[in-house]
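Open the structure in your viewer and keep the selection tool at hand. Each stop below says what to select and what is there.

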Amino acid sequence: MTEFSENAACRQYADNSCCTNEVAENVHNDVLYGEEYRWDRCGALSAACQQYFVDEACLYECDVNAGKYRMYGSMPGTGHECDVSNGWQLSNMPIKASYADAWYEACKDDLFAASETGSYFEIASVTNVTSQCRLVKDIYTDAQDMLVRMWDGAFRYETMEDYAYTMHFEEGEENPNNDILPNQPFPEPCSNHNVTMDDDMLLPAECPTDDDGSTDDDGSAATALFAAGLPLVALFFAAA
């Protein structure tokens with residue numbers, strides 16, 4: 001079990017977590033990802049909308065199950081067995097359609113930094129927040145478009161909800177994601193895998209797990225260190 005402080009945003013993951021208290025205390029500010037990747041660059045989000053971004057960050061940083069969707073992909077034509085640069089990414093993690101729908105409804109009238117592709121990971125390229133801020137509903141056509149494009153394919157919109165994850169549950173409840181696709185394997189990391197995106201940022205490694213899928217005895221990934229810089233995705237990966 002991870003000891004989270006009262007200020008930690010991800011306390012619901014305390015029983016089985018991939019993140020440290022230090023990470024959980026900072027998912028809602030610019031300490032982890034850098035000021036240019038703040039979700040409120042266009043001004044304060046509504047409280048309801050902001051909570052969805054906090055929940056996404058907590059899932060990415062803390063949920064053991066996110067590690068099943070790490071993009072340990074190959075590099076075609078390079079002769080390398082793995083792409084050693086993409087350990088931070090998640091790919092195609094199924095998210096409940098109803099959750100995505102509620103997220104879109106909560107945020108559709110909020111202003112958001114509109115990058116050229118709609119990717120969250122390109123919002124640092126938005127240099128004029130006065131002219132480049134748009135309503136979420138004017139950037140993304142619907143919940144599925146937002147979920148997929150905002151997070152660069154880290155998540156997919158899944159209508160078969162018995163086979164999809166949620167990003168929210170209350171402190172004191174068991175993580176409902178532990179019952180979803182229990183036989184989904186964790187990918188094998190590359191022997192030379194590098195989870196850093198640049199020299200001044202160390203991102204969380206794959207959450208260490210026992211055979212039963214639980215975290216190591218201390219309940220946290222000791223390697224979940226961080227510094228200001230580019231964000232993790234959504235989600236090890238993409239899904240700390």
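The tour goes from disulfides to a helix, then to a core and some salt bridges. Bear in mind that this is a predicted model.

**Stop 1: the disulfides**

Select the cysteines. How many disulfides does a search of the whole structure find? It finds four. Three of them are visited here.

Begin with cysteine 10 and cysteine 58. A disulfide joins them, with 2.0 Å from S to S. The two ends come from distant parts of the chain, 48 residues apart. Cysteine 10 sits in the segment before helix 1 (21-24). Cysteine 58 belongs to helix 2, residues 47-62. Look along the S-S bond: the angle about it is -80 degrees, and the link of cysteine 10 and cysteine 58 is left-handed. Both cysteine 10 and cysteine 58 are buried.

Next, select cysteine 42 and cysteine 133. Their sulfur atoms are 2.0 Å apart and form a disulfide. Where does each partner lie? Cysteine 42 is in the loop between helix 1 and helix 2, and cysteine 133 is in strand 3 (residues 133-135). This pair links parts of the chain 91 residues apart. The link of cysteine 42 and cysteine 133 is left-handed, with -90 degrees about the S-S bond. Cysteine 42 has 16% relative accessibility, so it counts as buried. Cysteine 133 has 15%, so it counts as buried too.

Now go to cysteine 49 and cysteine 107. A disulfide joins these two, again with a stated S to S distance of 2.0 Å. Cysteine 49 lies in helix 2 and cysteine 107 in helix 3 (residues 97-107), so the pair ties together parts 58 residues apart in sequence. Is this link left-handed or right-handed? With 105 degrees about the S-S bond, the link of cysteine 49 and cysteine 107 is right-handed. Cysteine 49 and cysteine 107 are both buried.

**Stop 2: helix 2**

Select residues 47-62, which make up helix 2. Check its length first. At 1.5 Å a residue, its 16 residues should span 22 Å. The C-alpha atoms at its ends are 22 Å apart, so the model agrees with that expectation.

Is helix 2 mostly covered or mostly open? It is mostly covered, with 12 of its 16 residues buried. Colour some of the buried ones, including Tyr52, Phe53, Val54, Leu59 and Tyr60.

Then show what surrounds helix 2. Its buried residues pack against helix 1, strand 1 (93-96), helix 3, strand 2 (111-113), helix 6 (143-150) and strand 4 (155-158).

**Stop 3: the nonpolar core**

In soluble globular proteins, nonpolar side chains tend to be buried together. Here the largest nonpolar core has 57 residues. Select those with the most contacts inside it: Phe53, Met93, Trp103, Phe112, Tyr120, Trp151 and Phe155. Several elements each supply at least two residues of this core, including helix 1, strand 1, helix 5 and helix 6. Which element gives the largest share? Helix 2 does, with nine residues.

Zoom in on phenylalanine 53. Leaving out residues up to four places away in sequence, phenylalanine 53 touches Trp39, Leu45, Trp103, Cys107, Phe112, Tyr120, Met150 and Trp151.

**Stop 4: salt bridges**

The count of salt bridges comes to six.

Select arginine 38 and aspartate 40. Their side chains meet in a salt bridge, 2.8 Å from N to O. Arginine 38, at 27% relative accessibility, counts as partly exposed. Aspartate 40 is buried, with a relative accessible area of 19%. The cut-off for buried is under 20%.

Move to lysine 137 and aspartate 109. They form a salt bridge, the closest N and O atoms being 2.8 Å apart. Lysine 137 lies in helix 5 (residues 136-139) and aspartate 109 in the loop between helix 3 and strand 2, so the pair ties together parts 28 residues apart in sequence. Lysine 137 is partly exposed at 39%, and aspartate 109 is partly exposed at 49%.

Finish at arginine 156 and glutamate 158. The closest N and O atoms of this salt bridge are 3.3 Å apart. Arginine 156 is partly exposed, at 29%, whereas glutamate 158 is buried, at 13%.

Note on methods. Residues are numbered from 1 along each chain as its sequence is written. This is a predicted model: local features need pLDDT of at least 70, side-chain atom pairs count only at pLDDT 80 or more; totals for chains, interfaces and linings use all residues. Side-chain values use heavy atoms; hydrogens and water are left out. A disulfide is a pair of cysteine sulfur atoms within 2.5 Å. Helices (H or I, at least four residues) and strands (E, at least two) are DSSP runs, numbered from the N terminus. Buried means under 20% relative accessible area, exposed over 50%, partly exposed in between (1.4 Å probe, protein chains only). The expected span of a helix is 1.5 Å times one less than its number of residues. Contact means heavy atoms within 4.5 Å. A salt bridge is a side-chain nitrogen of Lys or Arg within 4 Å of a carboxyl oxygen of Asp or Glu. A nonpolar core is a set of buried Ala, Val, Leu, Ile, Met, Phe, Trp, Tyr and Cys residues joined through side-chain atoms within 4.5 Å.
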